[in-house]
Amino acid sequence: MSAVLALLGSSRPPEGFEKPTAEIFDTACLIGSGDFCFNRIALYMFVAAAIVVALFVLAFARPRLVPRGIQNLMESGVEFVRNQIAVEVIGHDGIRFVPLLLSLFFFIFAANILGIVPFFQLPATSRMAIPAFLAVVVWLVFNAVGIQHHGLRYFKNVLFPPGVPKALYILLTPIELVSVFLVRPLTLSVRLLGNMFAGHMLLTIFFLGTAYLLAQWKTVAFGVAAFGLGVGLVGFEILVAVLQAYIFTILTAVYIGGALHPEH
Amino acid sequence: MSTFQGYVVRGLPLAQAEEETGTTEPGAEEHNPILPETDELLWGSIAFFIVFAAIAFWAWPRIRKLLAERTEKIQGELEKAESTRHEADRILEEYREQIARARDEAGRIIEEARRTAEQLRKDLQARAEQEAQSTVARAQEEIRAERDRVVQELRAQVGALSIQLAERVVGASLDQKRHQELIDEYIEELAGSGSGGGS
């Protein structure tokens with residue numbers, strides 16, 4: 001028992017264990033080199049895109065009025081995004097953002113889930129590129145929607161929210177300025193990146209650890225335990241993959257809704 | 001934000017590891033995982049635009065059309081079901097009415113039959129009674145007539161006999177008219193004393 005505690009308590013990996021570092025996310029170029037590089041992550045981005053497109057094509061190329069199989073599955077996904085995210089959060093005028101929300105949800109989910117798909121096992125969202133790009137897209141969209149609907153009053157609505165005592169603007173306006181225009185894209189992207197990064201790191205540590213612990217007789221039991229936990233973590237990562245796609249999408253809807261209806 | 005903190009906490013051993021590798025492996029180019037690579041940004045944006053284009057310009061219009069069609073169909077079916085139900089209700093009501101009418105009719109017929117039978121029975125009874133009465137009356141009439149005839153006959157015979165008798169007894173013959181008067185007188189007397197003046 002004390003051995004277990006000692007092992008768990010030590011922040012230092014045991015002797016001879018090659019600990020994974022952030023370098024596991026730096027993949028070699030498959031095509032090109034240097035500044036123009038098509039690496040594994042890039043490949044997986046297109047794999048994720050291909051998966052989403054393929055799912056939609058399979059489901060809706062010849063749609064039936066009474067859905068079956070994959071159409072059923074995709075329709076529940078689409079209806080979830082449409083009803084539970086677009087209509088629920090933005091309102092009925094949120095329907096026109098459904099294509100964007102659908103793209104975000106399914107693309108992020110596919111990119112996330114590659115982290116636990118055998119032979120891929122690296123989420124495309126564990127690198128900053130996709131989260132950052134999508135956050136910028138969302139930032140542009142919700143600001144554009146705000147300006148389109150309220151003109152310059154949009155900025156007034158954001159910086160000087162109506163229904164607040166004037167004196168509070170001294171406090172509120174700088175906070176709103178930073179939170180809406182700077183923190184929103186940052187949290188949106190870093191939340192997604194952080195979850196996928198950490199999840200992949202955890203899985204790597206657990207399965208490398210399993211291999212290391214199983215190699216020696218005296219630590220075989222720990223190896224088995226580590227493997228069991230690792231398997232559990234794979235299930236957890238599936239949950240995280242769905243959840244992060246959902247959070248990213250629903251926050252996008254919240255931001256668009258806020259730009260459309262500042263009174264809420 | 002909590003997720004962000006979670007990331008920081010979970011990433012802690014990693015940070016230590018980085019520090020260590022940073023010290024042990026000089027020259028390795030440090031890449032901050034929070035900064036995107038330009039080329040990956042390019043690929044990521046292309047991949048996302050493929051997805052967005054496929055959904056926005058191909059899938060979503062189809063899905064909208066499909067959902068609209070389905071809504072229309074379901075609405076149509078519901079309306080049809082509703083009208084069918086109304087029709088069924090109407091027919092049921094009609095049948096109920098018909099059954100009620102038939103039942104009334106049956107009751108009426110039975111009642112009428114009963115009344116007819118009763119009437120018939122009464123008629124028959126009355127007629128039978130009447131017949132019996134008339135039979136009795138006729139019989140009485142006949143009896144009376146017979147009796148009268150017999151009395152008449154008897155009276156005649158008795159008269160004749162009496163006259164013969166009287167003639168023989170008296171030896172004197174009286175004229176026919178006187179005879180009859182005597183006979184009648186005699187018979188009246190007989191009848192008055194014989195039956196106590198009954199008939």
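This is a predicted model: local features need pLDDT of at least 70, side-chain atom pairs count only at pLDDT 80 or more; totals for chains, interfaces and linings use all residues.
**Reading a buried arginine and its interface**

Modeller: Let's start with Arg127(A), which counts as buried at 6% relative accessibility. Buried means under 20% relative accessible area, exposed over 50%, and partly exposed in between (1.4 Å probe, protein chains only). Residues are numbered from 1 along each chain as its sequence is written, chains are lettered from A and ligands numbered from 1 in the order in which they are written, and side-chain values use heavy atoms, leaving out hydrogens and water.

Biologist: Fine. Which side chain in chain A meets Arg127(A) in a salt bridge?

Modeller: Side chains of opposite charge can pair when their charged atoms come close. The cut-off here is a Lys or Arg side-chain nitrogen within 4 Å of a carboxyl oxygen of Asp or Glu. Asp26(A) and Arg127(A) make such a bridge, at 2.5 Å, N to O. Asp26(A) sits in the loop between H1 and strand E1 (29-33) of chain A, and Arg127(A) in the loop between H4 and H5 of chain A, so the pair ties together parts 101 residues apart in sequence. Asp26(A) itself is partly exposed, at 34%.

Biologist: And across the interface, how many salt bridges does the rule find between chain A and chain B?

Modeller: Three. Arg127(A) turns up again, bridging to Glu37(B) at 3.9 Å, N to O.

Biologist: Which elements of chain A give two or more residues to the side that touches chain B?

Modeller: Among them are strand E2 (36-39), helix H2 (40-60) and helix H7 (169-214). H7(A) gives the most, with 11 residues. Elements are DSSP runs numbered from the N terminus: helices (H or I) of at least four residues, strands (E) of at least two.

Biologist: How much area do chain A and chain B bury between them?

Modeller: An interface's size is often given as the accessible area lost when the parts come together. Here it's about 4,500 Å², 75% of it on carbon and sulfur atoms; the figure is summed over both parts, with a 1.4 Å probe. In chain A, Phe46(A), Leu65(A) and Phe133(A) lose the most area to chain B, together 13% of what that side buries. The contact (heavy atoms within 4.5 Å) takes 63 residues from chain A and 45 residues from chain B.

Biologist: Where is confidence lowest in chain A?

Modeller: In helix H1 (residues 2-9), at a mean of 55, whereas H4(A) is highest at 96. Chain A's mean pLDDT is 89.

Terms used:
Buried area is the accessible area (1.4 Å probe) that two parts lose on being put together, summed over both. pLDDT is the predictor's confidence in each residue, from 0 to 100.
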